Amino acid sequence: MVDKKLEAKLDLLCVELLELVHEIDKTKREQEDHMKEGYLCLAKARYEIGVDRVSQLQYPSEMVASVTVHRRTNQEVDQLEIIHGSRLEQKQENPKEEATLRKRNKTNDRKEQEIDPVTEGKSIEDVSQLTPAINPIHWFGFLVPRALRLAQESFSKAIEASCALCNLQSRYEHTLTEYRKSRTRQKELDDQLTQGGAPEPETS
Amino acid sequence: MASSRSGKLLAVIGDEDTCTGFLLGGIGELNKHRHPNFMVVEKDTPTNEIEEQLKKFLNRQDIAIILISQSIADVVRHVIDAHVEPIPTILEIPSKDAPYDPSKDSILRRAKGMFSAEDFR
């Protein structure tokens with residue numbers, strides 16, 4: 001007897017895989033469009049303010065990411081989500097950590113004014129890590145052309161598309177593993193049937 | 001449902017425009033050892049340097065996504081194919097001079113070989 005439940009599961013997984021491939025392809029094309037737009041705007045900005053003004057020569061010696069990703073493990077699949085704001089800001093949002101740091105300064109009121117609660121107790125190297133994120137557009141000047149702002153918008157959308165693609169890839173990998181497992185199980189059942197033995201009931 | 005506490009970084013390996021664009025988006029960071037999370041690849045950048053940088057990014061715990069231009073990914077394909085861990089995820093992106101080619105993408109190549117003739121017997 002053919003395991004109807006297993007066959008239905010395989011069909012479902014097959015459809016899900018094809019849908020995911022379609023979704024990956026669609027999101028890749030969206031990402032490509034945003035990047036194309038971004039490259040074009042960067043070229044326009046270069047034309048307006050000069051070639052060397054929009055290049056790696058303008059990268060600062062200190063930079064802090066204002067866009068990070070947060071990892072969530074949901075139903076055995078890793079999901080990433082974009083967080084806007086520097087990691088310093090995220091740390092400050094943590095109330096428990098903040099309370100501990102405030103208590104430490106409670107005994108000396110004068111010291112409290114002098115010592116920054118965020119940087120206290122940290123080495124110089126760590127403090128440089130806590131440099132607040134500035135808008136990267138200001139690396140290229142304060143009165144930047146509109147094209148550079150548009151390029152920034154386009155690349156921000158490309159970052160969001162990249163995060164969505166990573167999530168789709170994780171889901172694809174997970175579904176593919178499930179499909180392969182079920183396919184192996186079906187093959188085992190088929191082999192048992194051809195040999196004439198009774199198939200073992202499915203455990204999972 | 002579990003989640004990690006602090007945000008992780010995105011890294012980028014690409015030409016100057018790709019890196020500048022993504023850094024404009026706000027992903028750039030220099031850590032306390034002054035190691036950047038990006039690499040600008042020039043025409044004369046040796047392959048072993050790209051490979052070394054990619055391996056460094058793969059070993060960093062604070063990086064969740066590595067964006068790499070597809071044309072550069074082609075020269076370090078063996079490193080990308082050997083990477084099986086879910087985090088950091090390697091994502092191939094189109095570059096300025098080479099449009100995205102789905103036939104070269106590692107995920108879509110695997111999708112192409114998803115079903116064998118044996119599956120339809």
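This is a predicted model: local features need pLDDT of at least 70, side-chain atom pairs count only at pLDDT 80 or more; totals for chains, interfaces and linings use all residues.
Student: What does A:Ser182 touch, not counting residues up to four places away in sequence?

Tutor: A:Ser182 touches A:Leu6, A:Lys9, A:Leu10 and A:Leu13. A:Ser182 itself is found in helix H6 of chain A.

Student: What makes up the rest of chain A, and in which pattern?

Tutor: Chain A has six helices and two strands. Along the sequence they run α-β-β-α-α-α-α-α. Of its 204 residues, 37% count as buried. Among contacts in chain A with a separation of 6 or more, 64% are between residues 24 or more positions apart.

Student: Now chain B. How do you know what span to expect for helix H2 of chain B?

Tutor: The expected span is 1.5 Å times one less than the number of residues. H2 of chain B, residues 47-59, has 13 residues, and 18 Å is expected. From first C-alpha to last, H2(B) reaches 18 Å, close to that value.

Student: Which residues of H2(B) are buried?

Tutor: They are B:Ile50, B:Glu51, B:Gln53, B:Leu54, B:Phe57 and B:Leu58.

Student: Why can we say that the buried residues of H2(B) line one face?

Tutor: Look down the helix axis. The buried residues of H2(B) fall within an arc of 165°, so they line one face. On the other side, B:Asn48 and B:Asn59 are exposed. Exposed means over 50% relative accessible area.

Student: What covers the buried residues of H2(B)?

Tutor: The cover includes strands E2 (9-14), E3 (38-40), E4 (63-69) and E5 (89-93) of chain B. Helices H3 (70-73) and H4 (77-82) of chain B are also included.

Student: On to pockets. How is empty space found?

Tutor: A probe the size of a water molecule is rolled over the atoms, which shows where empty space is left. The largest pocket here has a volume of about 550 Å³.

Student: What lines the largest pocket?

Tutor: It is lined by 22 residues. A:Glu173, B:Val84, B:Glu85, B:Pro86 and B:Arg110 lie nearest its centre. Elements giving two or more residues include strand E2 (77-84) of chain A and helix H5 (106-112) of chain B.

Student: Which element gives the most to the lining of the largest pocket?

Tutor: H6(A) does, with six residues. The lining of the largest pocket divides into eight nonpolar, seven polar and seven charged residues.

Definitions and conventions:
Residues are numbered from 1 along each chain as its sequence is written. Chains are lettered from A and ligands numbered from 1 in the order in which they are written. Side-chain values use heavy atoms; hydrogens and water are left out. Helices (H or I, at least four residues) and strands (E, at least two) are DSSP runs, numbered from the N terminus. Buried means under 20% relative accessible area, exposed over 50%, partly exposed in between (1.4 Å probe, protein chains only). The arc is that of the directions from the helix axis to the C-beta atoms. Contact means heavy atoms within 4.5 Å. On a 1 Å grid over the protein atoms alone, a cavity is a set of points where a 1.4 Å probe fits but cannot get out, and a pocket is an open set with protein on both sides within 12 Å along at least five of seven lines; lining residues have an atom within 4 Å of a point. Grid points are joined across faces, edges and corners, and a volume is the space filled by probe spheres set on the points. Ala, Val, Leu, Ile, Met, Phe, Trp, Tyr, Cys and Pro count as nonpolar, Asp, Glu, Lys and Arg as charged, and the others, Gly among them, as polar.
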